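Hi everyone, thanks for coming.

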Amino acid sequence: MKETENLTPMMKQYWEAKRKLPPDVLLLFRLGDFFELFLEDAKEGAKILNLVLTQRQGVPMCGVPVENIEGYIGKLVKAGKRVAICDQMEQPKPGQLVKRQIVRIVSPGSNGYGSFLHPKEHQFCMGLFPWRNKLGISFIDITTGLFLAGQLDTNKEFFEMVVRYKPVEIIVPEGVDFPFIRRDAQGKEALEGPVQDCFIHRYFSWAFSYEEAKSFLLNHFKVSSLEGYGLGEMPAAVCSAGALLRYFGEELHQSLSHIVKILQIVPQHILWIDAIAQKTLEINHTQSKSGKSLFEAIDRTVTPGGGRLLRRWLSEPSNQLSVIEERQQAISFWLNNPNKRKELREILEKIGDLERLLSKVSQGYVNPRELSSIKESLRQLPVVKALLSSLDEGLICRLCEDIALENELVEELEKALEENPPFSTKEGGIIKKGYCPALDELKEMSEQGKKWLIDFEQKEREKTGIKTLKIKYNQVFGYLIEVSHSQSKWVPQHYERRQTLANVERFITPELKEIELKILGSKNRAIELEQNLFEVLKEKIASRIPSIQKTMEAINKLDVLTSLADLAQERNYCKPTMVDEPVIEIEEGRHPIVEQCMASGDFVPNSTYLGPDQRILLITGPNMAGKSTYIRQVALLSLLAHTGSFIPAKKAKIGLLDRIFTRIGSNDDLAMGQSTFLVEMNETANILHNATSRSLVILDEVGRGTSTFDGLSLAWAIVEELYKTNRSLSLFATHYHELAKLADIYPEIKNYSMAVAERGGNVVFLRKVVKGSTDKSYGIQVAKLAGIPDRVIEKAKKILSMMESGQKKKSPSKKIKDSLDGPSLFPYLFDQEQ
Ligand code: ADP
């Protein structure tokens, strides 16, 4: 069926709605108790939702029940679709076409209410706009109202931001090419490179123009300048933020009333963690199914909002001494006041996800049960404030001041809401007795009606002499008098038969219908009135959103600070001294994730010193000795220190860093057509281009992906470059023991190795970092540990001894050299070159 054919009025209405939408949007059209998809939408939707496709008058369709709509929307959106909801705007009347309207369009970045939302994770949609040599970026989490904007200098930083905030959707202007967005054969756009899945949507380019974007923001925030948000001198940020907010309001029909401010992203105030480093260090998400991310290892927050804030602290570690020290002081305070901390955390636990609930209030999807949970959460505020007001600590006092009590609102909600209201507004039972006299009256009438029914039943039994006569209720016929077949002959003349069932007959009388009218009439009017009162309560909450959001910012911070104090106490973390000089000094540091996966005391602590006189550590040792764990540990502790958190060590002094880079393991990206070695070199090139004397660089086995001579030569040259040009603090784990010679040439390069003991022909890893290099690789012993068959091990030993004897003669046979190109051959070349 086409739009032009003879259409029923309802299908005309369908097409009217459909025409308003971009072609990729699926239209869910309300028909009574179902939302239906039609035509091509139905075919696509049925596949994604696993529904049966039916036909009505040749039109393919499929439907989902209204009650479960959010779950179905979630599934469609997760599959990358945008979905429009066209709802009935009035109660259906017989013979009349119901008024319908598109109430919202849900896209990956806006679907906040399905079951896919993680409580402790933000769900960002990102806006992007290039302006001269800047890239304007902005983020909105519509489910909490968080709105961020800033501008970047390079496309490289764009990837760092993408990994940092993990947007699920990116909005870009029509007609503008971005080097990092590629288009496939079907015209679908996606991000270039190894970043996570993310949907790209084009939006009107005029919406990104400075004038349009700025005036949209000014109107929304009802201000005359954006200076107050720090965006006065940031045109690229304004263009991106204004268009993104408009996209939510005008394209997706979302309410924006809970977006009450815009926070500036200041790249200069953040410790940058290179995109690759964020992934390989597994800061917010782990790459393996069984492993833990840093977030998971250190998260002790008790509220979803606290969890989200801790993630942000990990994604945006600060390089501002004042910010870090302020957090440290607050954590110290909570550590020294364990009873108060426990008390506070017990109260915080009772505070639900107010930010997401407020967003639902703003969008109009909140249900009575959720309103009750808003009330319960707000009830805790005076208790929190009373507890904090007796404490004397700078940041904590400020947070206490930020908490507004909302007494009036709580009082109103307490008076109005039943203790356990239902999820739905359909059946009433939301509003307490005594809140609204008109409602009480209607309810009384309905109750009274029930009493009349009981009296009526009794009276009829007596009049007819039928003792088993009963009053029943039925959806179709309303109230009925039920009599068994055998006794039905005794019913009086004025009983009108309505229904005959297997064993009983059912009748009505005019008197019964009169009672029914009173009962049902008052009941329906009561439900309607309750719904109206519920709407008014929602509006009252909506008017307090800005104030409650500010309070929640303070509550989230309190949750994170006390949770970090809990962590510090539980796992014996220390407060690092932060200094403004290039130094990392850690005494007995532990890897925060690996340590937690082991029995207490099994993890071997290791110390680290990096500073002006010891800028590069070359760490040799066999596979499995613990090199990677050690170098990652230094990166993770440095990062944690910049969030303000305490760190797993006995003592530490950490200098403020500008960036952390890593090149770890083989991030094979074959799907993107890049070999392991190419990826490795790309990542290393990035480090050599960008690392500074204030950066921490972690390199693991660089050069491994190619032949030994190639790899070793590259590794050598890379260390020299880091030493001479970048001058960064660096840890270089390598199995090329030949690199140890670098320490003889350059005084600020030092050799370390992982201690290993040999016991009874077996290798024992001591996991201790010791001074000096090692040239033993124990590969064969490790292979044995891994279960390589004995005959293979024996053969390998023979070949090794052949090679070693060849080495002593200083001229390996060509045959060995060709077949066994390995590290032990390098000295020949090395010696020749010297
Ligand atoms: P390498 O990089 O030298 O091959 P890894 O760092 O991958 O070695 O460490 C191998 C294993 O040793 C890790 O999976 C971890 O379980 C264990 N390990 C590493 N460091 C320590 C340590 N300090 N204490 C205890 N176990 C450790």
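Let's start with Glu 36: is this residue buried or exposed? Glu 36 counts as buried, because its relative accessibility is 11% and the cut-off for buried is under 20%. Before I go on, please keep in mind that this is a predicted model.

You can find Glu 36 in strand β2, which covers residues 34-38. Which residues does Glu 36 touch, if we don't count those up to four places away in sequence? There are Leu 27, Leu 28, Phe 29 and Leu 31, and then Met 61, Cys 62 and Gly 63. For a sense of scale, look across to Leu 344, which is 308 residues away from Glu 36 along the chain. The C-alpha atoms of Glu 36 and Leu 344 are separated by 49 Å.

Let's zoom out for a moment. The chain has 834 residues, and 52% of them count as buried. Its C-alpha atoms fill a box of roughly 125 × 70 × 65 Å along the principal axes. If you like counting elements, there are 27 helices and 29 strands. The chain is divided into domain 1 (4-106), domain 2 (118-265), domain 3 (305-406 + 545-570), domain 4 (438-537), domain 5 (577-780) and domain 6 (789-834). How far apart do the C-alpha centres of domain 4 and domain 5 lie? The answer is 82 Å. As for contacts between residues at least 6 apart in sequence, 68% join residues at least 24 apart.

Next stop, His 122. This residue is in the loop between β6 (100-106) and β7 (125-131). His 122 is buried, since its relative accessible area is 18% and buried means under 20%. Its side chain makes a polar contact of 2.6 Å with the side chain of Asp 141. Beyond its neighbours within four places in sequence, His 122 is in contact with Asp 141, Thr 144 and Leu 146, and also with Arg 308, Arg 312 and Arg 356.

Now over to Asn 474, in strand β16, residues 470-474. Asn 474 has 15% relative accessibility, so this residue counts as buried too. Its side chain reaches the backbone nitrogen of Phe 477 at 3.0 Å. Setting aside neighbours within four places in sequence, Asn 474 is in contact with Leu 480, Gln 499 and Arg 506.

Finally, the ligand. How many residues surround the ligand? There are 13, and the closest are Val 604, Met 624, Lys 627, Ser 628 and Thr 629. By class, that shell has 6 nonpolar, 4 polar and 3 charged residues. Helix α20, residues 627-643, gives the most to the shell, with 3 residues.

Let's look at the oxygen atoms of the ligand. A polar side-chain atom of Ser 628 lies 2.6 Å from a ligand oxygen. A polar backbone atom of Lys 627 is 2.9 Å from a ligand oxygen, and a backbone N or O atom of Ala 625 lies 3.2 Å from one. Taken alone, the ligand exposes 560 Å², and the protein buries 78% of that.

That's the tour, and I'm happy to go back to any view.

Key: Residues numbered from 1 in each chain as written. Predicted model: local features only at pLDDT ≥ 70, side-chain atom pairs only at ≥ 80, totals over all residues. Heavy atoms only, no water. Near = heavy atom within 4 Å. Polar contact = N/O pair within 3.5 Å; in protein donor to acceptor, adjacent residues only side chain to side chain. Areas by Shrake-Rupley, 256 points an atom, 1.4 Å probe, with all protein chains shown as cover. Helix = DSSP H or I, 4+ residues; strand = E, 2+ residues; numbered from the N terminus. Nonpolar A, V, L, I, M, F, W, Y, C, P; charged D, E, K, R; others polar. Domains from an automatic or database assignment. Buried < 20%, exposed > 50% of the residue type's maximum accessible area, 1.4 Å probe, protein only. Contact = heavy atoms within 4.5 Å.
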